[in-house]
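Here is a short report on a two-chain model. Keep the structure in view while reading.

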Amino acid sequence: MIVDLKRFLAEERKYWTELESVLNRIERNAEYRMELPEVLKFHELYERASADLAKIETFAGEPEIRRFLEGLVARAYSEIHETREKRNKLNLWRWFVVTFPQTFRRRIKPFWLSVAVTIAGCVFGGVAIRIDPDAKPILMPFPGLKEDPSERVRKEETAKNDRLVGHKGTFAADLMTHNTKVAIMTMALGVTWGAGTTISLFYNGVILGAVGADYVHAGQTVFLLGWLLPHGAVEIPSILLGGQAGFLLASALIGWGSRKTRGARLREISSDLVTIIFGAGILLVWAGIVESFLSQYHQPVIPYALKIAFGATELAALTIFLSRSGATAAKKEAE
Amino acid sequence: MRRARTNTLPLRTPEGIVFALPLAGPVSRLLAWSVDVACIGAASEVLGKLLNSIGMINRELAQATYILAYFVISIGYGIAFEWFSRGQTLGKRVLGLRVMDEQALRLEFSQVAVRNLLRVVDALPVLYMVGGIACLVSRRSQRLGDLAANTIVVRNPEISQPDLEQLLGGKFNSLLEHRHLAARIRQRTSPRAAAVALEALLRRDQFEPLARLQLFEDLAAHFRSLVEFPPEVAEQLSDEQYVRNVVEILYRSADALTKR
């Protein structure tokens with residue numbers, strides 16, 4: 001049967017326009033809630049557009065109109081058949097102090113895996129540099145780390161000028177962006193079934209272990225703690241959070257012990273993935289500021305004891321935050 | 001068994017409506033991405049100029065702000081546009097593309113964020129090589145970010161009605177002399193063949209002369225095989241005129257044809 005295209009368009013187009021305007025309204029405003037009569041009207045328009053699409057499929061209709069109708073029906077379909085809860089407007093503070101730590105705890109297993117891989121890297125790096133000190137330029141390919149630790153400590157403690165003066169802001173910005181990129185990359189590499197995340201974390205661990213072993217062996221443990229702890233107490237856990245997100249992604253892709261489809265598994269974790277990596281990003285802003293404005297200053301400018309105490313306090317606060325924050329809210333929600 | 005690659009996303013609604021959304025290929029996506037890169041570059045340039053004026057007061061603050069702002073723009077551009085513009089960055093809008101959920105459900109913020117954050121892997125080692133290869137080999141033209149976020153990129157055509165008045169121009173249609181045969185050709189012509197014939201007429205001036213002759217010869221032969229008009233009618237017409245007359249029969253309303 002062939003459609004009378006013009007008549008069909010003249011009769012039906014007003015309903016398509018109405019459906020399109022309803023869809024625009026819904027999609028523009030995430031907060032928009034329809035009243036019952038609006039819902040009924042929306043459903044009626046959707047069914048009408050679906051019927052029109054069915055008709056035009058059997059007619060020698062113009063293909064552009066069919067595609068338009070398909071697009072319209074697809075948009076309406078996505079609103080009508082969506083069963084996931086429509087989220088309320090994001091409250092950033094609540095998201096950070098409640099949702100983020102709750103998500104971290106709910107997905108704790110990949111975090112422990114992330115810790116284990118990093119520790120393995122640390123052990124490897126530490127042992128490797130003790131067995132073969134000549135491998136230092138390969139294990140720690142950074143100019144500041146290549147020299148003898150004792151020599152560096154002597155230079156830092158006797159420095160007369162502030163080498164970061166006029167550059168602290170840009171240094172902090174560079175650190176924030178670089179570390180966030182590392183965390184994102186560690187997370188994103190989860191898409192390689194976790195192999196990339198493992199390599200990234202292990203490599204970070206190797207550098208950390210090699211630096212630690214090098215300074216401890218040179219008798220500069222206090223300097224090491226005073227230098228690394230203030231920013232490392234937040235920076236290292238943030239990279240571990242990136243690893244947690246990466247392994248979470250990998251576990252959804254692999255799907256061990258799950259009967260769900262890959263799509264369903266990924267759908268389940270995507271919100272948690274974003275929460276964890278965005279949370280890590282915020283923590284890294286703080287770590288960048290501390291590294292630029294505090295970590296680079298040593299005794300006698302800032303006593304090591306003070307820096308170590310500051311770093312230890314940060315680590316304790318972060319541990320309490322991630323393990324406790326949002327617990328009361330979760331209990332209330334459960335009740 | 002590995003499922004074959006497709007250029008459409010078939011959907012079946014619970015109402016029993018079956019249709020397919022056209023998937024965007026790697027080339028159109030690459031072009032959209034090029035537009036987006038240009039937009040990010042332009043935004044950074046404007047930002048740099050603005051911060052230059054702050055630099056006169058505090059150079060360090062201006063530089064630090066630029067580093068952070070560039071990072072936020074390059075990471076946040078895709079997320080912000082795709083979230084607030086229903087799956088369309090500026091590049092996708094120009095190329096008529098749209099990001100959609102793989103099951104055609106509502107696009108969630110987390111999906112938009114995941115597909116954009118995973119660009120760091122898709123962009124490896126240079127010029128989106130990993131993403132491009134993934135796009136070429138995946139069944140639904142998905143890069144790794146799309147696979148992880150359960151998203152697809154579809155072509156998003158705008159509605160446009162064919163200008164039948166301009167096309168057919170009220171010329172005499174000898175095939176209409178035989179109304180029962182005209183009705184039969186309306187009944188026997190498939191939607192696809194009708195659409196091809198209409199498209200051929202709309203674009204007739206864009207073809208090379210030889211290609212135009214060949215195309216209309218093939219189309220006329222197809223329509224002649226469906227219904228046989230008397231030789232005195234059919235043989236007087238050129239292939240292109242024959243197709244033009246058939247298209248008028250197919251697309252004009254029955255009332256309009258009777259009046260003529």
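## Chain A

Of the 335 residues of chain A, 40% are buried. A residue is buried if 20 or more other C-beta atoms lie within 10 Å of its own, exposed if 12 or fewer, and partly exposed in between, with C-beta atoms placed from the backbone. This is a predicted model: local features need pLDDT of at least 70, side-chain atom pairs count only at pLDDT 80 or more, and totals for chains, interfaces and linings use all residues. Residues are numbered from 1 along each chain as its sequence is written, while chains are lettered from A and ligands numbered from 1 in the order in which they are written.

Chain A holds 14 helices and zero strands. Helices (H or I, at least four residues) and strands (E, at least two) are DSSP runs, numbered from the N terminus. The radius of gyration of chain A is 28 Å, whereas a compact globule of 335 residues would have one near 20 Å. That radius is taken over C-alpha atoms, and the globule rule is 2.2 Å times the number of residues to the power 0.38. The C-alpha trace of chain A spans about 90 × 45 × 40 Å along its principal axes.

Two residues are in contact if their C-beta atoms, placed from the backbone, lie within 7 Å. Among contacts in chain A between residues at least 6 apart in sequence, 83% join residues at least 24 apart. A:Leu164 sits in the loop between helix H8 (149-158) and helix H9 (168-188) of chain A. Its C-alpha is 8.3 Å from that of A:Ser292, 128 residues away in sequence. Beyond neighbours within four places in sequence, A:Leu164 contacts A:Phe171 and A:Gln296. A:Leu164 is partly exposed because 15 other C-beta atoms lie within 10 Å.

## Cores and interface

A nonpolar core is a set of buried Ala, Val, Leu, Ile, Met, Phe, Trp, Tyr and Cys residues joined through C-beta atoms within 7 Å. The largest has 107 residues, and those touching the most other members include A:Ala49, A:Val73 and B:Ala148. Helix H11 (residues 221-254) of chain A gives the most to this core, with 17 residues. Another core, of 21 residues, lies apart from it, with B:Leu215 and B:Phe216 among them.

The contact between the chains takes 54 residues from chain A and 48 residues from chain B. On the side of chain B, H2(B) gives the most, with seven residues.

## Chain B and local backbone

Strand S1 (residues 8-12) of chain B pairs with S2(B) in the antiparallel sense over five bridges. Strands pair if DSSP finds at least two bridges between them. B:Arg12 stands opposite B:Val18 in S2(B). Five residues lie between the strands of this hairpin, and B:Gly16 there takes a positive phi near 90 degrees.

B:Ala104 is buried because 21 other C-beta atoms lie within 10 Å. B:Tyr128 is partly exposed because it has 19 other C-beta atoms within 10 Å.

| Site | Angle |
|---|---|
| A:Gln299 to A:Pro300, cis | omega about 10 degrees |
| B:Leu124 to B:Pro125, cis | omega near -15 degrees |

A:Pro300 lies in the loop between helix H12 (262-295) and helix H13 (304-324) of chain A.
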